[in-house]
Amino acid sequence: MEDKTIKGTYIQPNSQSVIESDDPVLEILGPTSLKGEVTISGAKNSALAIMAGTLLCSDECRIRNVPSLVDVGRMKQILASLGVKITEDKDILDINAKEIGQTQAPYDLVSQLRASFFVIGPVLARLGVARVPLPGGCAIGARPVDLHVRGLQAMGAEVHIEHGIVHACVKGSRSRLKGAKIYLDYPSVGATETIMMAATLAEGETIIENAAQEPEVEDLANFCRSMGAKIRGAGTNTIIVSGVERLHSTDYPIIPDRIEAGTFLVAGAITQSPISLYPVIPEHLTPVIAKLEEIGCQVILEESKRVRIVPGALRATDIETLPYPGFPTDMQAQFMALLTLSEGNSMISETVFENRLRHVAELQRMGADIKVKGNVAVVKGVPFLSGAPVMATDLRASAALVLAGLAAQGKTVVQGLHHLDRGYENIEDKLRQLGAKLQRV
Ligand code: EPU
């Protein structure tokens with residue numbers, strides 16, 4: 001039976017069920033060739049952490065190169081709910097957190113954006129009290145916040161959870177957190193960021209051991225340093241923060257998004273198209289470039305911030321996701337799409353999140369040959385994919401389906417675009433400018 005699409009209504013093949021939806025879908029006509037250059041936006045995960053970081057400062061902060069994304073919009077709402085004033089002009093945000101009136105972030109916002117939990121560190125450091133709802137699980141895993149909480153407790157906060165809300169407060173007359181030596185059981189990006197932000201205003205020195213080394217952690221540290229924070233070692237596994245009394249105003253540009261860049265590199269590889277990307281920080285792409293080279297593509301450094309992918313015949317490789325500088329979990333789904341068309345057997349192990357292989361079933365609908373056991377997927381390359389209606393299950397899965405659709409024969413219809421809009425700025429326009437045939441309907 002052929003799949004039938006009527007105004008966002010899907011009749012799944014071999015199924016009685018009809019999924020009614022007013023949500024837009026993305027129709028992609030493949031296979032396609034791309035050419036030209038794509039502009040990479042500011043990093044989503046830096047922007048979200050840095051926006052939370054502005055709560056540390058009672059002067060105005062200007063942040064540049066902020067991507068226009070649904071998640072960034074949600075973070076703006078969270079900040080506004082705490083009493084922060086925000087004005088924006090294109091990719092510039094002016095954030096004034098002089099008068100934080102509220103210490104509690106609203107549940108409906110926090111539950112939609114996990115990263116909003118990160119406000120707990122700055123609010124607690126600044127006001128001595130913070131209340132943030134537990135964000136709960138999400139599409140890719142349970143995602144607890146125990147490491148954030150234990151870090152804050154080590155710095156002297158009293159933390160208890162009641163009715164789903166994390167209440168944190170600092171006892172004592174001066175209400176200031178105290179520096180501490182904190183070893184993280186796992187190099188969690190969010191926990192490192194929460195503790196690092198809280199430590200900037202704490203009394204004394206905080207040492208974070210087994211810290212996350214992701215570029216977004218380093219970007220957040222540089223942002224805090226631009227406000228006068230004393231932080232050393234960000235980007236390594238030991239971060240040392242000497243607390244200061246207050247931070248001052250700043251004007252700070254966010255780094256380019258390495259995951260968006262990686263996604264476009266895969267777009268070049270999967271469509272066998274040489275394309276250029278600008279601006280990027282090539283070192284941030286090291287694990288991604290290494291895998292692309294193993295798969296048979298070259299990535300050439302054209303200028304200090306411009307890279308070009310030169311695709312070749314695609315061959316299988318193995319991938320294990322790991323904390324940075326290992327291969328990023330946020331690129332796993334996109335590489336799986338690529339490996340479905342690479343000759344031979346590839347093994348992909350997802351070690352960071354326990355539920356991040358849900359795109360497998362959708363890629364299978366397009367003809368991919370993938371077997372899953374536990375957190376491992378074995379991908380056997382097939383000669384071609386065929387377009388099909390597919391459902392995005394999370395942000396990076398949605399990108400993987402778009403990539404597969406660019407290479408597949410015929411029409412792919414991607415549903416669940418709210419995932420895509422969380423993390424890719426103008427992806428359709430960017431792909432269309434490169435020559436892709438796609439439209440949102
Ligand atoms: N974890 C715990 N306890 C904690 C914190 C984390 O067990 O207190 C576990 C998580 O459940 C997970 C692992 O540690 O299994 C890694 O989580 P981490 O804290 O490092 O991730 P995060 O801070 O929640 C950020 C990004 C994610 C990215 C991960 C890993 C932001 C806003 N999000 O999440 O981005 O996948 O780091 O690099 O920075 C995405 O952009 O698509 C995305 C999911």
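1. The largest pocket is the space taken by the ligand. On a 1 Å grid over the protein atoms alone, a pocket is an open set of points where a 1.4 Å probe fits, with protein on both sides within 12 Å along at least five of seven lines; a molecule sits in a pocket if more than half of its atoms lie within 2 Å of its grid points.

2. This is a predicted model, in which local features need pLDDT of at least 70 and side-chain atom pairs count only at pLDDT 80 or more, while totals for chains, interfaces and linings use all residues. Residues are numbered from 1 along each chain as its sequence is written, and side-chain values use heavy atoms, with hydrogens and water left out.

3. The ligand is surrounded by 23 residues, each with a heavy atom within 4 Å of it. The closest are Asp 146, Leu 147, Ser 188, Asp 330 and Val 352. By class, this shell holds 11 nonpolar, 5 polar and 7 charged residues; Asp, Glu, Lys and Arg count as charged, and Gly is among the polar residues.

4. Domain 1 (8-41 + 256-440) and domain 2 (44-253) both contribute residues to the shell, and the ligand therefore lies between them. The domain bounds come from an automatic or database domain assignment.

5. At least two shell residues come from each of α1 (44-53), α5 (146-154), α6 (189-200) and α12 (395-407). Helix α5 gives the most, with 3 residues. Helices (H or I, at least four residues) and strands (E, at least two) are DSSP runs, numbered from the N terminus.

6. Oxygen atoms of the ligand lie 2.5 Å from a backbone N or O atom of Val 352, 2.8 Å from a backbone N or O atom of Leu 147, and 3.0 Å from a side-chain N or O atom of Lys 44. Taken alone, the ligand exposes 820 Å², of which the protein buries 89% (Shrake-Rupley method, 1.4 Å probe).

7. Two peptide bonds are cis: Tyr 278 to Pro 279, with omega about -10 degrees, and Tyr 324 to Pro 325, with omega near 10 degrees. Pro 279 lies in the loop between β17 (275-278) and α9 (286-295), and Pro 325 in the loop between β20 (319-320) and α10 (332-339).

Conventions: A polar contact is a pair of N or O atoms within 3.5 Å; within protein, one must be able to donate a hydrogen and the other to accept it, and residues adjacent in sequence count only if both atoms are side-chain atoms. On a 1 Å grid over the protein atoms alone, a cavity is a set of points where a 1.4 Å probe fits but cannot get out, and a pocket is an open set with protein on both sides within 12 Å along at least five of seven lines; lining residues have an atom within 4 Å of a point.
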